[in-house]
Amino acid sequence: MSKMTPQEMAARIGGGLLSFPVTPFNADYSFDEATYRANMDWLCGYDVAGLFAAGGTGEFFSLTPSEVPHVVKIAVDETKGRVPVLAGTGYGTAIAREIAVGAEQAGADGLLLLPPYLTHAEQDGLAAHVEAVCASVKIGVIVYNRDNAILQPDTLARLCERCPNLVGYKDGIGDIELMTRVHTRLGDRLTYIGGLPTAETFALPYLDMGVTTYSSAVFNFVPEFATKFYAAVRRRDHQTIHAGLKDFVLPLIAIRNRKKGYAVSIIKAGMKVIGRYSGPVRPPLTDLTAQETAELAALVAKLPRAAAQQAAE
C-alpha cells in the first residue's frame, strides 16, 4: 500500500518529468520480468518524478486484468520507493475498478484512468465512471482526457467536489482552448500533465498554461536527452528546445507517423537500439521494420553522449 496521500503524490509528480516504461515481452509474448526489473532500476537512476507501470506505452491495452497488478507489483518492488509508481486502469467501469483495487494492493502510489473501452458516452456517464473508480481506492487518481473520454470543465469541477482523491488531469487531445478552460476553472485543485504522443512538441506552450509536467515516452531509451529537454522547457530555453525538436523529436515523429500504433512500437525499437531489447509489441500492434529501426538508430547515434550511453550498457 502506498504511504503517500493523493495530494502528496500529485505534488511530487507535478514537479518533474514523467515516463511510461515499456512492458517487456518474451518471444511468445509472455511478460519478461527480469528485463522489466533491469529497465526500472536503470530508469530510476535518472531525474524522473514518476513512473507509470502498465500505462499506454506499457501496452496496458494488451495486458489482461490480472497481469496489470502483477506488472505494478514488480515495478514497486524494483523501484523501492525511489520514485512514485502509478498504474494504468481502464476498460468498462467494473473492470477498471477491479484493476484499480489490484494495483492499490500491489503498492501503486496512484492511478491513471484511461478512456473506457469502445463506446462513447455522455458527460453524466463518464462522471459516474470516474467517480466509481475513485471510490474504489484511497490512492490518487488522474483522469486521461483523450479519445472517447473528454471531460468538460463543469464535469471535472463536480467530480473534484465529490472525489477528494481525484488529483490529476492528463491531456491527450491538444485542445488548447479546452485546456485553458479547465485550468482557469480548477486552478491548483489538480496537477496537470501533458499527455499527447511525443509530448515534447507541446511542452513549452503547455507550460505557459500551468501544465508543469508531461509524460515522455522517449525517456525509455534516451533518458539523458529527455531530462535535459525537460529542464530546458522549465527554464524556457528556446534555443535548446528548438534544437532538440529539429534534430531528434520531429524526425522521430516522422518515423512514428508512418503506421498506426507506432507511437508504442517506436519506443520498443528504441530499447533495442540502445541494447536494452524488451521484446516485441503484442498484437494488434506491429514492430518497426529493420530499415525503420536503422533510421531510429541513426537518430540516437547523433545525440550527445549517445555512444557513451550505449557502451555503458
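**Entry 1, the sheet.** I began with a single pairing in this predicted model, and found that I193 has T213 in β8 as its bridge partner. I then looked up the strands on either side of that contact: β7, covering residues 191-194, runs parallel to β8 and is joined to it by 2 bridges.

I next asked how much space lies in the largest pocket, and the computed value is about 920 Å³. I counted 36 residues in its lining, and those nearest the centre are G56, F61, L114, R146 and D147. When I checked which elements give two or more residues to this lining, I found α10 (238-256) and α11 (262-273), and I noted that α11 gives the most, with 5 residues. Sorted by class, the lining holds 23 nonpolar, 8 polar and 5 charged residues.

I recorded a volume of about 300 Å³ for the second largest pocket. Its lining has 13 residues, and F225, A243, G244, L303 and P304 are the closest to the centre. The elements that give two or more residues here are α9 (223-234) and α10, and I note that α10 is also listed for the lining of the largest pocket. By class, I wrote down 6 nonpolar, 3 polar and 4 charged residues for the lining of the second largest pocket.

Definitions and conventions
Residues numbered from 1 in each chain as written. Predicted model: local features only at pLDDT ≥ 70, side-chain atom pairs only at ≥ 80, totals over all residues. Heavy atoms only, no water. 1 Å grid on protein atoms, 1.4 Å probe; cavity = no way out; pocket = protein on both sides within 12 Å on 5 of 7 lines; lining within 4 Å. Points joined across faces, edges and corners; volume = space filled by probe spheres on them. Helix = DSSP H or I, 4+ residues; strand = E, 2+ residues; numbered from the N terminus. Nonpolar A, V, L, I, M, F, W, Y, C, P; charged D, E, K, R; others polar. Pairing = 2+ DSSP bridges.
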